[in-house]
Amino acid sequence: MGPEIEGRRLAEPVRDAGGSVLLAEGTVLRQVHVDFLARQGVSRVAVHQADPDGMQLVPTLDDLEHRRGVAALAEAFGTCRARRETLLHQALQFGREVLCHAGPQRRPPGRFPFREYTLHHSVEVGLWSRLLAQELGLDEAGVEETTLAGLLHDLGKCRVPSEVLHKDRQLDPEEWQLVRQHPSWGADACRKGGLRGRRILQVILQHHERMDGAGYPLGLKGEEICLGARAVAVADAFSAITSYRDYRGRKLPVQAVEELQREEGHYDPEVLAAFWRLLSPYREGDAVCLADGSRGRVLRPGENPYEPWVETSDGRRMRAAAPFAVVGWAA
Ligand SMILES: [Fe+2]
Ligand SMILES: [Fe+2]
C-alpha cells in the first residue's frame, strides 16, 4: 500500500484473517491507519476511486455570499491596480456585512478558476480568519479587524504582474523579489484608501512573517508579529494547501493539517491549536462509533482534529486514534 491511499475513503471494511473488522467502511485513511494496517499484514484495501471532495468537510460560505465577496474584491483589486484606492470600501462593506455575520456551512473547499484564484482565496482566508479570531477569544473589534485583514491580506498582489503571479514554474530571484513586496504594497494601498485601524494594516504587512524569523518582509520573530497576523498566516497557508493549483492538485484538509504540523516552527502553536479545534468535526458530547465497533462520547477535541478524546460505553477513556479511530456518529 502506497501513500497515495492516504485521504481516500474505505469502500468496504478491512478485516483480519479471523473476520474481525480492523477498520470500518467509510474510514478516511490517514498515515496512522496505513501504518496500523501494515503492522496487521494487510497489503490491499478497497477505497473509493473518485470522491476527493466528499472526504473532509470544512466551513465555507454559501455560493451567493462567496460570489458577492469575489465581486467586491475584484472591484477593490481593480481600483488599486489603477491606483484609485478610494473604492476600497466595497470590499470593506462586504467584510462587515457578510463575513462578520454569515454562519459558515460545512462543505468541501471550492475549486476556483485559476485566473481568479487570489480573489477566491482571499474570501476563504477572510472567513477562516474570522473563525480563528473568535476561537482565540478576540473582542468584537478584534474579530472584525482580523476578518477584514484576512479579506484584504493579498491586495498588494494587484501590483505583481499577472504573468509572475500565475507562473506555474519556480520564480526567478527578480520575480520572487516582486512577490515579496506584496504585503507592504497591500498595507500601503489600504492606507491610501483611507482604511483606518493601525492593527489591520499591521496584519496585512505581517501576514508572511513566521514565528522562527523565516518570513518576510521584515523577518520578524515570535511576538514581534501581531496576533492577527499569526492567525491570518495559518488561515492563508491552509487555504493555499487545500486549493487546486495548476501545478499540483489540492490537498485534503487532513493532509493540510499534517503539513502545517510539520512546519510548526513557522506558526504560533496557540493559533494552530485553535485551528485544530475549529477544524475538528467533533464536539464535546457527540455520540460516535469507533473502528473496533464500540460506541462512545466525545470528551473534547484532541490535539489532532480527527482524533478526539472519547469515553467508550464501557468506561475507557482514550484518544480515538487507530485502531480505535472514530468512523462516524452514532444515532
Ligand atoms: Fe500573501
Ligand atoms: Fe494569501
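Modeller: A crossing of two helices is left-handed if the near helix is turned anticlockwise from the far one by less than a right angle, and right-handed if clockwise. The model is predicted, so local features need pLDDT of at least 70 and side-chain atom pairs count only at pLDDT 80 or more, while totals for chains, interfaces and linings use all residues. Residues are numbered from 1 along each chain as its sequence is written, and chains are lettered from A and ligands numbered from 1 in the order in which they are written.

Colleague: How many helices and strands does the chain have?

Modeller: Helices (H or I, at least four residues) and strands (E, at least two) are DSSP runs, numbered from the N terminus. Counted in this way, the chain has 12 helices and nine strands.

Colleague: Which hand does the crossing of α4 and α5 have?

Modeller: Helix α4, residues 117-135, packs against α5 at an angle of about 160 degrees, with the two axes 7 Å apart; axes are lines fitted to C-alpha atoms, for helices over the stretch in contact, and angles run from 0 to 180 degrees between N-to-C directions. This makes α4 roughly antiparallel to α5, since angles over 145 degrees count as roughly antiparallel, those under 35 as roughly parallel, 65 to 115 as roughly perpendicular and the rest as oblique. The crossing of α4 and α5 is right-handed.

Colleague: How do the residues of the contact of α4 with α5 divide by class?

Modeller: Residues are in contact if their C-beta atoms, placed from the backbone, lie within 7 Å, and the contact is made by residues including Trp128 and Arg130 of α4 and Val143 and Leu151 of α5. Ala, Val, Leu, Ile, Met, Phe, Trp, Tyr, Cys and Pro count as nonpolar, Asp, Glu, Lys and Arg as charged, and the others, Gly among them, as polar. The residues of this contact of α4 with α5 are seven nonpolar, eight polar and one charged.

Colleague: How are α5 and α9 oriented to each other?

Modeller: The axes of α5 (residues 140-152) and α9 (residues 198-206) come within 9 Å and cross at roughly 40 degrees. The crossing of α5 and α9 is right-handed, and among the residues that make the contact are Leu148 and Leu152 of α5 and Ile200 and Ile204 of α9. By class, the contact of α5 with α9 has six nonpolar, one polar and two charged residues. The angle therefore makes α5 and α9 oblique.

Colleague: How are α2 and α3 oriented to each other?

Modeller: The axes of α2 (residues 63-81) and α3 (residues 89-99) come within 7 Å, crossing at roughly 155 degrees. Residues including Leu73 and Ala76 in α2 meet Gln90, Ala91, Phe94 and Val98 in α3, and this contact of α2 with α3 has six nonpolar, two polar and three charged residues. From their crossing angle, α2 and α3 are therefore roughly antiparallel.

Colleague: Which residues have the most contacts inside the largest nonpolar core?

Modeller: A residue is buried if 20 or more other C-beta atoms, placed from the backbone, lie within 10 Å of its own, exposed if 12 or fewer, and partly exposed in between, and a nonpolar core is a set of buried Ala, Val, Leu, Ile, Met, Phe, Trp, Tyr and Cys residues joined through C-beta atoms within 7 Å. Buried residues make up 40% of the 331 residues in the chain. The largest nonpolar core has 58 residues, and those with the most contacts inside it are Ala91, Leu132, Cys190, Ile204 and Val234.

Colleague: Is Asp268 buried or exposed?

Modeller: Asp268 is found in the loop between α11 (253-262) and α12 (269-279), and, leaving aside neighbours within four places in sequence, Asp268 is in contact with Met211 and Arg230. Because 22 other C-beta atoms lie within 10 Å, Asp268 is buried.

Colleague: What is the distance in space between Trp276 and Gly302, C-alpha to C-alpha?

Modeller: Trp276 lies in helix α12 and is buried, because 20 other C-beta atoms are within 10 Å. Leaving aside neighbours within four places in sequence, the contacts of Trp276 include Val257, Pro301 and Pro305. Trp276 and Gly302 are 26 residues apart in sequence, and their distance in space, C-alpha to C-alpha, is 8.2 Å.

Colleague: Which residues does a cis peptide bond join?

Modeller: Most peptide bonds are trans. Here Pro217 lies in the loop between α9 and α10 (227-242). With omega about 10 degrees, the cis peptide bond joins Tyr216 and Pro217.

How values were computed:
Contact = placed C-beta atoms within 7 Å.
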